[in-house]
Amino acid sequence: MKLADFPRLEIAHRPTPLEPLRRLSAHLGGPEILVKRDDCTGLAGGGNKARKLEYLLADAQAVGATTIITSGGVQSNHARQTAAAAARLGLRCELVLPEIVAISGDSYAANGNVLLDRLLGARLHIVADSAAARQKISEIAAGVAAAGGLPYVIPVGGSNALGALGYVAAVGELFEQLAAGQAAVDAIIVVNGSGGTHAGIVAGLIAHGSSIPVYGISVAHAAAVQTATTVRLVRESAELLGIACAELENRVVVLDQFIGPGYGLPTPEMRAALALVARIEGLLLDPVYTGKGMAGLIELVQRREFRAGQRVLFWHTGGTPGLFAYEPQLTPTIPPLS
Ligand SMILES: *Cc1c(COP(=O)(O)O)cnc(C)c1O
């Protein structure tokens, strides 16, 4: 099937802006840096999951689902956008949130995405770990079915072949914007968490016959693990679309040196990137994903991975509601004004 043959909801604000980061480019003194503003996709606070949910929830609706079930860390942006999409479609939403990040306190437990999940009418199930989450998801699904409903389980991050189509489509959107501006980009930098966004972008580039390199900045797993996950997702999405792809191992580049102590745990480089971009561009990043992604971009520029005159695109994937959950971790280390 072609991309246009897959049912898709219109629930994201598209196209998202493509903007130059002129002051950041000048500050770093390397390539020209652009940002693709997928923090502006709407759907209760923006982010990359809106694009995946356009395909996933179209499928849920097509099969007659009554209850959407998904999972993610306590401060999952994916859970929050899924809750919003379900509310919009009048479906029930059950969020299973394992405590996989070793951060405690009221802000992490109740502010940021959790506050929004509650406002959006999702049912929250806080569990100890990923094994407990899988167990809970089966229980909830069985309960929904027993009551005569139809459960629809969306994987962590919305990352399956269908969800990744959101980013295959996003590459088409980007190319339209670049064509309208008679411009091109030489590299794309994007965060890699559950892999679907990175995979969709690579599949989209392959579909367009483009060889623009993509750097996936891992925020969770070692490069070998995350590369394997991402390659599998590219292959599965390409299969859905009937696109041939070869030598994916060379195309899927994952960098894992920006994770720090672990998923969701702050790093000095993330803190510095968050403050720098806020102060010289007025642009908000998030502590779990895009802050680490931008730390990666900054280091790649400093390592001279790109030349002056090249254009590098930072794909902003959202997550800013997470800032409020990390207030106690962030406030004490906001750099003083010089
Ligand atoms: C989920 C998420 C990502 C990672 O996307 P994946 O498709 O899971 O790799 C990046 N940034 C933000 C803000 C996210 O919420």
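**Close-up views of a predicted model**

**View 1. Helix α6 against the strands.** In this predicted model, helix α6 (residues 130-146) lies across β3, β4, β5 and β6. The helix runs at about 160 degrees to β4.

**View 2. The open sheet of four strands.** The strand order is β5-β4-β3-β6, and the pairing is parallel. The edges are formed by β5 (123-127) and β6 (151-153). Each of these two has a single partner strand, so one side of each is left without a neighbour in the sheet. On average, neighbouring strands of this sheet are turned by 20 degrees against each other, direction ignored.

**View 3. Pairing of β3 with β4.** Strand β3 covers residues 67-71 and strand β4 residues 92-98. The two pair in the parallel sense over five bridges. Threonine 67 stands opposite arginine 92 in β4.

**View 4. Threonine 227 in helix α9.** Helix α9 spans residues 223-241 and contains threonine 227. The relative accessible area of threonine 227 is 18%, under the 20% limit, so this residue counts as buried. Apart from neighbours within four places in sequence, threonine 227 is in contact with Val252 and Val254.

**View 5. Arginine 303 in a loop.** Arginine 303 lies in the loop between α12 (290-302) and β10 (311-316). Its relative accessibility is 40%, which is between the 20% and 50% limits, so arginine 303 counts as partly exposed. With neighbours within four places in sequence left aside, arginine 303 is in contact with Gln257 and Phe258. Arginine 303 and glycine 30 are 273 residues apart along the chain, and their C-alpha atoms are separated by 9.9 Å.

Definitions and conventions: Residues numbered from 1 in each chain as written. Predicted model: local features only at pLDDT ≥ 70, side-chain atom pairs only at ≥ 80, totals over all residues. Heavy atoms only, no water. Buried < 20%, exposed > 50% of the residue type's maximum accessible area, 1.4 Å probe, protein only. Contact = heavy atoms within 4.5 Å. Pairing = 2+ DSSP bridges. Axes fitted to C-alpha atoms, helices over the stretch in contact; angles between N-to-C directions.
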